[in-house]
Amino acid sequence: MPETSRRVAVVGAGAAGTLTAAQLLRRAAALRVDLEVRLIDAVATTGRGVAYATDAAHHLLNVPAGRMSAYHDAPEHFVGWLARRAPSTYTGADHVPRALYGEYLADVLAAEVARPGPGRLRRVHERVVGVRRTDGGVALTLGSGEPLLVDAAVLALGNFPPGEAWVPPALRRSPRYLPDPWAPGALAGLPSDGDVLLVGTGLTMVDVALTLSRAGRTVRAISRRGLLPQPHAESALPTAPPLSLDPGAGIHQVRRALLSHVSACRRTYGNWRVGIDSLRPVTAGLWQQLSLADRACFLRHDQSQWNIHRHRIPPASARALREEIGTGRIRVTSGEVADAVPASDSVLVRLRDGRTLHVGAVVNCTGPQEEVRRLDDPLVTGILNAGLAAPDPTGLGFRIDPCGRLQPLAETPPAPLWTLGSLRRGALLETTAIPEIRTQAHDIATTVLTTLV
């Protein structure tokens with residue numbers, strides 16, 4: 001194939017962006033494409049994003065190391081890196097600190113940059129705040145106001161801050177309310193006095209509660225159902241064949257079939273997790289065969305149960321959480337915030353069932369906002385307003401083609417814009433774990449370069 005000079009921007013330097021940049025360089029070498037990759041993010045680090053920027057030793061990967069390779073065709077890559085980085089410390093079955101994984105991702109990209117080939121990387125420490133179509137590609141507007149012309153762009157925007165629709169206006173304005181626990185230094189800035197209320201009881205809550213729990217403080221966590229993520233098994237599990245369903249099955253048939261499948265796996269293999277894990281290869285297909293009404297029904301009635309069984313916590317985190325709950329330092333119940341009245345030294349929170357809580361601070365642990373029309377992000381808003389993309393019919397993420405290319409609002413040819421990760425949620429349901437991200441990064445790199453040359 002003849003050499004062709006191209007420029008591709010990757011917006012976001014977290015896990016998804018770093019893996020995409022690495023794959024673009026790798027594919028450029030394989031296809032002999034003269035390529036410049038611009039990896040754009042205002043943060044100083046590369047590979048960490050929100051998920052892997054933490055330095056807390058108890059913030060662990062939710063997936064064993066053996067399933068966290070950056071490359072789907074080299075499953076032992078991360079385990080091999082761990083063996084060199086920390087000899088005789090970790091195995092593929094371990095849930096290692098997330099900070100180590102961020103370091104690994106940075107090393108993955110550095111290795112691709114050093115690899116001989118026609119690809120080059122330029123790291124741009126700015127924020128992208130706008131995009132418009134051009135005759136030859138797209139023009140990105142940087143926070144400095146400078147335009148950046150590229151042949152194609154990949155939006156690897158990661159997880160967005162939590163939604164705030166539930167937050168009473170007075171609480172939103174209070175310094176005793178923390179809207180995003182993963183913002184740099186956010187937890188350290190909480191008032192040291194009084195109990196803490198965490199709204200949300202999912203994965204974020206577990207990490208935040210274990211960080212904030214201490215003698216003399218009660219960390220209270222509430223959610224509509226008060227459900228906690230289930231723990232991973234203490235040891236490796238057998239595998240089971242995935243569920244097969246008729247393409248025309250509706251949500252009620254799917255629900256019954258899933259419950260039956262998981263129960264059968266529990267009887268056969270001794271653990272319900274085998275059944276849930278066996279669904280991974282077919283989840284997107286099952287999701288896509290449902291009607292829009294059935295998808296909405298799942299999101300309204302089934303998503304909570306799905307999340308706590310599908311997105312599990314490491315055994316060590318589960319043990320630590322049980323211990324703190326046992327001492328009373330962490331308390332988890334069902335409940336919804338009806339109102340909140342901040343004072344100078346506390347917040348009076350009234351729940352919908354009539355209970356009241358006096359706490360020193362309230363932390364939003366409801367998980368990332370996924371409805372694109374609710375996102376407070378100038379790039380996403382600008383893309384929608386310009387008609388370069390439309391929301392997925394579920395409201396979750398963008399409407400995309402099977403390769404992740406954004407589909408425009410009108411019947412016009414799509415711009416050379418692709419996305420991966422959370423902005424594919426409406427199309428795929430499960431799309432934010434590394435096993436999905438690494439495959440998407442590989443496929444996008446191949447598709448983008450093939451499209452451009």
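Which helices each supply at least two residues of the lining of the largest cavity? They are α1 (15-31) and α3 (98-114), where helices (H or I, at least four residues) and strands (E, at least two) are DSSP runs numbered from the N terminus. The structure is a predicted model, in which local features need pLDDT of at least 70 and side-chain atom pairs count only at pLDDT 80 or more, while totals for chains, interfaces and linings use all residues. Residues are numbered from 1 along each chain as its sequence is written, and side-chain values use heavy atoms, with hydrogens and water left out.

Rolling a probe the size of a water molecule over the atoms shows where empty space is left. Here a cavity is a set of points, on a 1 Å grid over the protein atoms alone, where a 1.4 Å probe fits but cannot get out; its lining residues have an atom within 4 Å of a point. Grid points are joined across faces, edges and corners, and a volume is the space filled by probe spheres set on the points. There are three cavities of 30 Å³ or more. The largest cavity holds about 60 Å³ of space, and its lining is made up of L25, R26, A29, E112, V113, R115, P116, G117, P118 and G119. With three residues, α1 gives the most to this lining. By class, the lining comprises five nonpolar, two polar and three charged residues; Ala, Val, Leu, Ile, Met, Phe, Trp, Tyr, Cys and Pro count as nonpolar, Asp, Glu, Lys and Arg as charged, and the others, Gly among them, as polar.

The second largest cavity has a volume of about 50 Å³. Its lining includes N159, F160, P368, G397 and L423, and divides into five nonpolar, four polar and one charged residue.

A nonpolar core is a set of buried Ala, Val, Leu, Ile, Met, Phe, Trp, Tyr and Cys residues joined through side-chain atoms within 4.5 Å, buried meaning under 20% relative accessible area, exposed over 50% and partly exposed in between (1.4 Å probe, protein chains only). The largest such core has 46 residues, of which F78 and Y101 touch the most other members. Elements giving two or more residues to this core include β1 (5-11), α1, β2 (34-40), α2 (77-85) and α14 (434-452). The most, nine residues, comes from α1. A second, separate core of 30 residues includes V150, F398, I400 and L428.

In α2, the buried residues are F78, V79, W81 and L82. They line one face of the helix, because they fall within an arc of 160° seen down its axis, the arc being that of the directions from the helix axis to the C-beta atoms. Their cover includes α3. Beyond its neighbours within four places in sequence, F78 is in contact (heavy atoms within 4.5 Å) with residues including L61, M68, V96, Y101 and Y104.

Helix α9 (residues 292-301) has D294, R295, C297, F298 and L299 as its buried residues. These pack against α6 (251-269), α8 (283-289), α10 (303-310) and α13.

Most residues other than glycine have a negative phi. R32, in the loop between α1 and β2, has a positive phi of about 60° although it is not a glycine. L429, in the loop between α13 (425-428) and α14, likewise is not a glycine and has a positive phi, of about 70°. R32 is partly exposed, with a relative accessible area of 42%, whereas L429 is buried, at 7%.

Notes: On a 1 Å grid over the protein atoms alone, a cavity is a set of points where a 1.4 Å probe fits but cannot get out, and a pocket is an open set with protein on both sides within 12 Å along at least five of seven lines; lining residues have an atom within 4 Å of a point.
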